[in-house]
Amino acid sequence: MSSLDQFHDHARRHDPVYDELHATPEFTRLRAAYRNFVFPATVAFLTWYLLYVVMCNWATDFMAKEIGGNINVALVFGLLQFATTFLIALLYARYMGSRVDPLARGLEERYNAESRGGAR
Amino acid sequence: MSSDTLTAVLFVAVVLVTVGITFWASRQTKGAADFYAGGRGFTGFQNGMAISGDYMSAASFLGISGAIALFGYDGFLYSIGFLVAWLVALLLVAELLRNSGRYTMADQLAYRMRQRPVRTAASTSTVVVSIFYLLAQMVGAGALVALLLGAESETAKNLTIVAVGLLMIFYVTVGGMKGTTWVQIVKAVLLMSGTILITILVLAKFDFDFGELLGAAATNTGKGDAFLQPGLKYGIDTTSKIDFLSLGLALVLGTAGLPHILIRFYTVPTAKVARTSVLWAIGLIGAFYLMTLALGFGAAALLDTGPDSKVAASGGNLASPLLAEAVGGGDGTTGGAVLLALISAVAFATILAVVAGLTLTSASSVAHDLYATVFKRGAASERDEVRVAKLSAFVIGGIAIALAIPAQKLNIAFLVALAFAVAASANLPSLIYNLFWRRFNTRGATWAIYGGLIASVGLVFFSPVVSGSETALFTDHDWSWFPLSNPGIISIPVGFLLGWLGTVTSREPDTAERYTELEVRALTGAGAEQAVHH
């Protein structure tokens with residue numbers, strides 16, 4: 001029940017183990033590794049998506065250009081949004097698996113060891 | 001066997017299978033973690049299927065193909081926005097939320113803030129978003145059954161809405177999260193299979209040449225190349241272009257703020273499995289939305305979508321089922337009747353799975369956030385909490401039934417886009433701030449939630465969707481002064497701005513301290529909730 005009480009009763013007890021983990025160089029590296037991927041990636045895909053929406057509105061002649069067989073730029077642009085979504089999702093999973101997960105696992109093990117032999 | 005009998009048999013089969021699953025799940029459900037989070041024991045693939053089943057609602061299956069059938073390329077924005085939005089959920093929210101929350105969206109705010117105000121606020125917006133979403137699904141169910149019975153029977157529509165409402169209450173109260181998840185998995189299989197089947201049959205009509213299908217759509221609608229280009233619906237003037245931008249923003253930012261999607265991340269054992277489940281969901285949802293192109297343009301190419309057609313009268317919502325009938329051989333043929341019945345049953349299963357997820361989400365929030373923490377101040381037992389959750393499912397189901405009956409004039413896609421706008425305005429700002437901003441505090445969270453909620457719902461109330469225009473809810477009166485039908489472009493910045501303003505105008509030293517703990521836990525999983533082992 002201890003984790004439950006702790007959870008429900010905000011700020012009643014603060015487990016100092018979190019401060020220790022937070023101060024480790026591994027945690028700083030973990031947070032930097034995570035943010036170095038997700039912040040630029042988020043800016044990139046949101047910009048790319050908004051560019052698509054804006055061009056649908058205000059670059060209609062370009063979007064209407066036919067590439068061949070009734071397929072126009074707008075359709076290809078839309079399908080490219082699918083492609084980039086799949087690509088970013090896969091790159092993210094690969095990056096997290098190799099750069100972030102090992103650090104996170106190390107810190108979690110340390111937490112388990114320090115909080116009474118893993119009894120939570 | 002006549003086509004009516006076949007339809008009835010398939011609908012009854014869907015109901016029986018889902019009821020069976022629910023009874024099976026009820027025997028596996030023991031404590032609160034089972035009821036709210038399915039014991040956190042689902043695999044990445046299972047949860048990915050369930051997320052897809054939860055996400056691809058009547059708005060996706062009936063609404064998007066209908067919008068493409070009527071407005072051509074402009075309907076495609078829904079597919080793209082609904083998909084790209086998953087990157088926000090994957091990169092910024094899913095894993096951190098899995099590690100720092102427990103049962104509801106409010107949990108991770110309450111982690112470092114004053115419990116009662118933030119839980120009240122988050123619970124309010126959870127219920128509001130879920131009810132808008134629920135209405136859309138129930139209106140879809142009513143329209144579907146009216147089509148199948150071949151008459152515009154108000155009684156039949158209303159009875160369907162009541163029946164769907166009672167079923168969803170049953171799923172949630174008896175099966176909890178486990179039952180709901182399996183219903184969603186079965187639905188995802190049915191929906192993907194049905195969509196693949198119709199897509200292949202449509203493409204076969206054009207020798208698998210998509211360009212030819214597009215050409216036929218342009219010709220059949222009489223709109224020519226304009227049908228294949230952006231702008232048919234939203235390119236009329238600057239107001240409609242800004243409306244398109246507003247819709248685009250709401251779609252891409254809404255997903256990561258939808259409470260019924262967020263709580264699905266709690267049903268897996270670790271953050272890494274949450275990641276895998278979102279990857280599966282992106283694959284499945286992406287494949288599905290690609291097929292909506294074939295369904296939508298196929299309906300435009302093969303059906304009558306003129307102003308007096310059945311498709312247009314339903315706001316496009318019936319394009320997919322009617323397309324199934326057409327590719328099966330057409331009205332009056334056995335093949336047509338079989339496919340119509342099949343696709344209608346799939347749509348029915350789609351609706352049931354989504355309403356179950358939504359009802360569970362709002363009932364959980366009422367019980368866990370409002371009852372257990374706000375009223376009982378944390379002194380409620382697990383059993384009491386679950387009992388209140390079940391009771392809330394009845395109340396919320398009842399409210400949804402009562403609101404859905406008069407809401408039948410409203411378009412499904414509109415209602416869902418509104419739910420997305422409310423989610424993006426009221427929920428996303430506080431989620432993002434809470435996970436990434438040390439200084440963020442209670443006042444910031446409540447201002448962001450209430451501000452985004454009031455701005456989005458308020459602007460819709462004063463928009464042409466509610467009054468003034470020909471398609472409005474109230475056509476006789478006109479109090480509309482806000483020109484856009486989607487409020488996102490205003491209300492989302494309002495949510496973010498108020499969250500910032502509330503934070504910088506108040507002092508709450510505890511929250512920054514607790515952020516250290518939240519941050520470590522969110523990123524490493526140290527101390528996160530564990531799966532239940534029976």
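B:Val164 is found in helix α8 (residues 154–205) of chain B. The model that holds this residue is predicted.

**Around B:Val164**

Is B:Val164 buried or exposed? B:Val164 has 25 C-beta neighbours inside 10 Å. The cut-off for a buried residue is 20 or more, so B:Val164 counts as buried. Leaving aside residues up to four places away in sequence, B:Val164 touches B:Met138 and B:Ala141, as well as B:Ile351, B:Leu352 and B:Val355. B:Gly397 lies 233 residues from B:Val164 along the chain, yet their C-alpha atoms are separated by 9.3 Å.

**Contact between the chains**

How many residues does each chain bring to the contact? Chain B gives 48 residues and chain A gives 47 residues. On the side of chain B that touches chain A, several helices each supply at least two residues: α5 (76–100), α9 (210–220), α10 (238–254), α12 (271–302) and α20 (509–524). The residues on that side of chain B divide by type as follows.

| Residue type, chain B side | Residues |
|---|---|
| Nonpolar | 24 residues |
| Polar | 14 residues |

**Confidence**

The predictor assigns the complex an ipTM of 0.93 and a pTM of 0.93. Chain B has a mean pLDDT of 90. In chain B, 98% of residues reach 70 or more. Where in chain B is confidence lowest, and where highest? Helix α13 (residues 310–313) of chain B is lowest, at a mean of 82. Helix α19 (residues 488–504) of chain B is highest, at 97.

Definitions and conventions: Residues are numbered from 1 along each chain as its sequence is written. Chains are lettered from A and ligands numbered from 1 in the order in which they are written. This is a predicted model: local features need pLDDT of at least 70, side-chain atom pairs count only at pLDDT 80 or more; totals for chains, interfaces and linings use all residues. Two residues are in contact if their C-beta atoms, placed from the backbone, lie within 7 Å. Helices (H or I, at least four residues) and strands (E, at least two) are DSSP runs, numbered from the N terminus. Ala, Val, Leu, Ile, Met, Phe, Trp, Tyr, Cys and Pro count as nonpolar, Asp, Glu, Lys and Arg as charged, and the others, Gly among them, as polar. pLDDT is the predictor's confidence in each residue, from 0 to 100. A residue is buried if 20 or more other C-beta atoms lie within 10 Å of its own, exposed if 12 or fewer, and partly exposed in between; C-beta atoms are placed from the backbone.
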